[in-house]
Amino acid sequence: MRKTKSFPLLAAVVAATALAATVSAAPAGAKSTKAAAGISCSKTLDIGMLAPLTGAAGFLGQEQLSWAKYAVKTLPSTMGLKVKLVPGDLPVEKGQADAQAVAQKFISDKSMVAVVGGSTSGSVVSTSTALTQAGLVQVSPSATRTTLTKGDNQQATNAFFRVVPADDFQGSTDAAYMVNTLHVKNVVIFDFQEPYSLGLGGEVEKDLKAAGVTTSHQSVANTVTDFSSFVTKVPSAADIVFFPTQSPGTAEAFAEQLVQQGKQAKVFGGDGSNGLGEFKAPGSYISSFAPSITGFAADKAIIAGWQKDNKGKPVGSFGPAAYGAVQVILAAVKAACTKGGGTIAKRSLVIGQMRKVHIDKGWILGGKFSWSKTNTRDPSVQKFYILQIQSNGSYKLMN
Amino acid sequence: MDTFTQLTLNGLTEGSTYALIALGYTLIYGVLKLLNFAHGDVFMVGSFIGFGVLKVLGGAGDPKLPVWLLLTLMVRGGMVGCAILGVAIERFAYRPLRDAPRIAPLISALGVSFFLANSFQLMFGAQQYNYGIFFLDGGSLFSKGFEIGNVHIPLIAIITILSAFALMIVLWLLVTRTRAGKAMRATSFDREAAAMMGIDIDRVIVFTFVVGSALAGAGGVMFALRVPTAASIGFVIGLKGFTAAVIGGIGSIPGAMAGGLILGFAEAYIAGYWTTRWSDLVIFSVLILFMLFRPSGLLGQAGIKKV
Amino acid sequence: MSEPDDLQAPSGPAIGQDEWVARHGERRSQRAGLIGEIEERARRAPWWAWLVLFVAAFALLPVVSHDGYIRRVAFDTTLYMLLALGLNVVVGWGGLLDLGYAAFYAIGAYAYAMLSSPQYGIHLPTLVSIPIIVVIGAVAGFLVGLPSRRLIGDYLAIVTLFFLQITQTVLTNGDQIAGHDLTGGANGIINVDPLHLLGHPLVVQHGGVFAVTYLYISIATFAVVYLALHFVNHSRTGRAWRSLREDGLAAEAMGMPVNLLKLMAFSFGAAVAALTGTLFAALQTSVFPLQFSFPLVITVYTMVILGGQGNLAGVTIGAVVVWVMLEFLRDPGDARILFYVVGVLAIAFAFGRTRKLAVLLGSLVVFGFAAHAIADAINHDWVSGPAANGFDHALSHWVIIPTGLANWVGPVSYIGLVCLVLALTLLPARVRYVALVPTIYLGTFVWENVLLAQPDATRYIILGVMLIGLMILRPNGLLGERRVEIV
């Protein structure tokens, strides 16, 4: 009995100290990060990357990471900077809480000046507020949700930029292509009960209806892999099934089942179905926010260099956008360094410089880059590319 | 009419797969009184093993063996691999807990389920794997077949359904006509009495797991012939298999078969005729109602628990 | 008369006196050595000592560290501590296997979101909405518990699991119920109000850094819930729950209202989960249906079982241990450190301070260096891969990390490791001791090259293995009591 009496007493003393300390400490806690002195540009700067490196969308994040790594390896030395890439894994299966925890990690990193990401629109919604408040600019290579930068109820903050066009363009481009080039009469639109497909599918449905096309809608849970009954419901008169899945494998399986059940409709996927080698049903379409850069002569050297570091991997379209995001970030950081005479006084200065960034040559996705005049956080070139899958599985540009 | 035929075909194909899993659940529950949560993941492993066999034998683009031999080997490989896995699971995760409170093997089963699903995600990634059967032999598995009305019934569907039924018949004979089957039935009826009658309980349980897991493995391969597989499908399939087992009557073999088919048809018709959005909800609610008001299912017998 | 136990030098009352005799059973069941001492102390400490310890630790944290990330992790930990407390009521005290626990968490979060957001235009003040949500949670728990009257054990588990699935489906499709948008559907509900205290909104971030206020609110909530549950446990209800858990039939024969008790267990657990959901929703300022999934349930179960079902302090410790471990796993550098530290501690723990331990560690080190040297000699590429930071220099000559891993190496080595570990349990002691060395080395190889590459899958693998291991080796967890089920 005597031995244990001291334990609670000790604990009580500890608690009292804690209480006293916290009362005095609470307001002081928030100020300390601001008190950090400016970031010297001669030291190694950190650029964070928020992408799904594991999980179902891991292939996307890994592709983007490899290109961003290559950009950080080759570009900063030409600008007189030293940069390190800090990846943060945000699997799509994990929710907001995880995204915000990783964002907090980035915020505590004193040498961090900018963030590439989030790659998925959901992660942008989760992290943008905190990152912006901490003064970190975000440049996303693949978050295409329209409401991030447009509309009344914007889901991202004004320090969020993206180098790829938004989904409203994708939806209208796809619908226009279907109506004007493919002359469709009957289209079935699928959604998978998650924001990407709901947004994109909704956009396409709206435009098609306005053009007088007969549309029907099917809603499928995200976990379904066996589409046989849904395929049965596709009317035999349907020309196109708009299938905005985020997994190329699912698009392939669906296309096969369409053929199996003798439906004549072809599959039209969004940028999520973009997967060379996985989605290969001939006659299907996908839309992509970035052209394949193998067609640009100016990028040959970059592609060769990247392929040396990443043997055997194909050049996709998600990766080069990440390279482009790093290009834009480095331009802004360099401008901030120059303006500050070799020091970045506050992180938020980079945000100001980002608004003025324009690249006159060497932009990986087509030579020149600048922000759009109407919406300064989207790129000026807002084009979605429609590709058709050929009989040998390759993708051919149609527009 | 065509829609009905097509939906019925879908239901039959899906249902036979569900029946195979439900059988495994029923057998294991009958002998151990344990719901094997990991069963769905054994199914998933089976589909991956089939994929492995296919790749080793050249893949769908360039098979080194005639098609029928290839398919047979894939299914056999899945069955053998899953049987071994099932025995290992029983030996290491369930046997030490045979005399523990009932909650213990259940939680252990949950742990095994998570372990399997995430191990495969670790090793093979979370993406989908497509057998590519569609392209096998120039697509003959899908183009050959026969017609009912306007509906084309592909060869692969016929193969799948017939194989599943063949397995079920073999199982039925195994359980009713052999000594091992008799021992299994005796153990599921009353374990202590069976032990007193000289039946080696450990052997019977291992045998049950072998049979149940082999069925799941076969189901996994057949499932993946039509639909891409991924490391995460085990959970949902396990739920569906359990639903089928309960609807049919857990502990009853014809019940499991019936339950599987009923579930397959229900899913197909609800999705086809009514709504795809709420089909899951309807099925889960039906299951809960069954468990509340008729826990013995359609073909099971109401059990009386002796205290 | 029996002799006093030689193992225990009698410092207290001598033989013949009541207390010594009364404590006899304790001494028999007490484990020798350090563990026994710690268990003894833990059992005899006054109950509120634990609570004070937890509160003090968390309250001091923002003083010690100004890092927003650490505060955020601390907040997340308190949420899980609350969830573990709630699940403890259902599983530990009621003995009911509730696999749909995350559904109540979701209901609480969504209820708060619906009551305090632009979704319906209602913006209830916090102090009004919290009691409402707790009641909603309790009612939901009651309703879900109704089937428990007719179902036991496994069946109840499945029904609750299906309830979770149904909840997820309804929340995901809630924007299409008969044409009305009830739950915001897959896009969730955003712009949820943060908590308001006396009319002042509590900001979530100051300059991007996670605000300390929420941490204090959550730890205060934790303290309140802990106290409340403690008093419930020591009341008639708590005693009735214990008797129900030990032997339901006997309890019923004794006239306990068994059904009512089960329903109450469900309700309490659900109410706590709903309260936690409120905190979660207020902090995140939005809710999405996919966050409340089955892996969350498994995580909380691991916490409860690790800590010891039925013991409030235990499940709290379990929550802290599991969640901090999972956070460490997020970053490869930290995870590496964690692995080696835990590994060495585990080996030391298993062998105690004996010569065997020294021999084992020694041979392990030698084996490692030898293997590394051989691999280096065969092909330099095999050992020159990039390592995550942390213990870099010390280990770079011990562990084999190839530059690039061929596709088959990962799966083969992983499966090989699993088979080896399982085989180890079957081998006789001598052989096992020898085989431990290559197994552990293979384990480090697999950890560095395979497991660290996918921290997300790794965390669930570890949870799964913990669940299996705990059930087999130590079902009562850290602070729980060993139970024997009477059949």
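Helices (H or I, at least four residues) and strands (E, at least two) are DSSP runs, numbered from the N terminus. This is a predicted model, in which local features need pLDDT of at least 70, side-chain atom pairs count only at pLDDT 80 or more, and totals for chains, interfaces and linings use all residues. Residues are numbered from 1 along each chain as its sequence is written, while chains are lettered from A and ligands numbered from 1 in the order in which they are written.

Select chain B and colour by secondary structure. Along the sequence the order is α-α-α-α-α-β-β-α-α-α-α-α-α-α, with 12 helices and two strands. The radius of gyration (over C-alpha atoms) is 19 Å, close to the 19 Å that the globule rule (2.2 Å times the number of residues to the power 0.38) gives for 307 residues, so chain B is as compact as a globular protein of that length.

Switch to the C-alpha trace. Its atoms fill a box of roughly 60 × 40 × 40 Å along the principal axes.

Next, select residues 145–148 of chain B, which form strand β1(B), and residues 151–154, strand β2(B). The two run antiparallel and are joined by four bridges; strands pair if DSSP finds at least two bridges between them. Phe146(B) stands opposite Ile153(B).

Now select Gly149(B). In this hairpin, with two residues between the strands, Gly149(B) takes a positive phi near 65°.

Finally, show the side chains of β2(B). Which residues point which way from this strand? Val151(B) and Ile153(B) point one way, His152(B) and Pro154(B) the other. All are buried, meaning under 20% relative accessible area (1.4 Å probe, protein chains only).

Key: Heavy atoms only, no water. Buried < 20%, exposed > 50% of the residue type's maximum accessible area, 1.4 Å probe, protein only.
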